[in-house]
Amino acid sequence: MNYLIVGLGNIGSEYADTRHNIGFMVADELVKQAGASFSLLKLAYYSEFKQRGHNVTVIKPTTYMNLSGKAVNYYMQQCKVPIQNVLVIVDDLAIPFGSLRMKPKGSSAGHNGLKSIEQLCGGQVYPRLRFGIGDNYPKGRQVDYVLGPFDKEEQVELPALIDHSVKMIQSFVNIGIELTMTNLNTK
């Protein structure tokens, strides 16, 4: 069985440790724990490894967030991955920092990366791992907030949350989305 794990983010050092790049951070840790590494290929940083007999492809699109669907669609086709075996790791303003929630489908909720995936990959029915970043920003400052770094208190908790996210992804590949949601979703 083939799986495609997609960490959403923006390329460039100015985005490296921002809330909007949590998908990249989780993908980096997943690949590191698998003993693999990324290579720059068409539309994305690309890695692959085997996990319990499954072929796992991990990408970090280099298209910038708003065009992520282009890379996702390309690698779905290249790696012959059905939409139910695609897992998108995404920052989510609608849930508090520290919450990690896997869902089998859902709307983009205004997230441009998810909008692009919906448009280019056939709708809203694809799994996603929502990494809560909270909405602790003044009115009209959403862009600054998501493109800003995690605050000091959040940075202390980040390694454990990223590690839990990796466990959720490994579980998704090993036992499927339903049991993963039951066993590992937080808050």
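Biologist: Which residues lie nearest the centre of the largest pocket, and how many residues line the pocket?
Modeller: This is a predicted model. The lining has 25 residues. Nearest the centre are His20, Ala109, Gly110, His111 and Asn112. The space in the pocket comes to about 490 Å³.

Biologist: How does the lining divide by residue class?
Modeller: Into 10 nonpolar, 10 polar and 5 charged residues. Gly counts as polar here.

Biologist: Why is Ala109 called exposed?
Modeller: Its relative accessibility is 67%. Exposed means over 50%. Therefore Ala109 counts as exposed. Ala109 sits in the loop between β6 (100–103) and α3.

Biologist: What is noted about the phi of Ala109?
Modeller: Phi is positive, about 50 degrees, although Ala109 is not a glycine. Lys80 is another non-glycine residue with a positive phi, near 50 degrees. Lys80 belongs to the loop between α2 (68–78) and β5.

Biologist: What makes Lys80 buried or exposed?
Modeller: Its relative accessibility of 65%. The cut-off for exposed is over 50%, so Lys80 counts as exposed.

Biologist: And Lys115, why is that residue called partly exposed?
Modeller: Lys115 has 34% relative accessibility. Buried needs under 20%, exposed over 50%. The value falls in between, so Lys115 counts as partly exposed. Lys115 lies in helix α3.

Biologist: Which residues does Lys115 touch, not counting those up to four places away in sequence?
Modeller: Ser108 and Gly110. Contact here means heavy atoms within 4.5 Å. As for Ala71, 44 residues separate it from Lys115 in sequence, and the C-alpha to C-alpha distance is 13 Å.

Biologist: How do you know how α5 and α6 pack?
Modeller: From their axes. Helix α5 (residues 152–175) and helix α6 (residues 177–184) pack at about 145 degrees, with axes 8 Å apart. The crossing is right-handed.

Biologist: Which residues make the contact?
Modeller: On α5, His164, Lys167, Met168, Ser171, Phe172 and Ile175. On α6, Ile177, Leu179, Thr180, Asn183 and Leu184. The contact residues divide into 6 nonpolar, 4 polar and 1 charged.

How values were computed
Residues numbered from 1 in each chain as written. Predicted model: local features only at pLDDT ≥ 70, side-chain atom pairs only at ≥ 80, totals over all residues. Heavy atoms only, no water. 1 Å grid on protein atoms, 1.4 Å probe; cavity = no way out; pocket = protein on both sides within 12 Å on 5 of 7 lines; lining within 4 Å. Points joined across faces, edges and corners; volume = space filled by probe spheres on them. Axes fitted to C-alpha atoms, helices over the stretch in contact; angles between N-to-C directions. Helix = DSSP H or I, 4+ residues; strand = E, 2+ residues; numbered from the N terminus. Left-handed = near helix turned anticlockwise from the far one by under 90°. Buried < 20%, exposed > 50% of the residue type's maximum accessible area, 1.4 Å probe, protein only.
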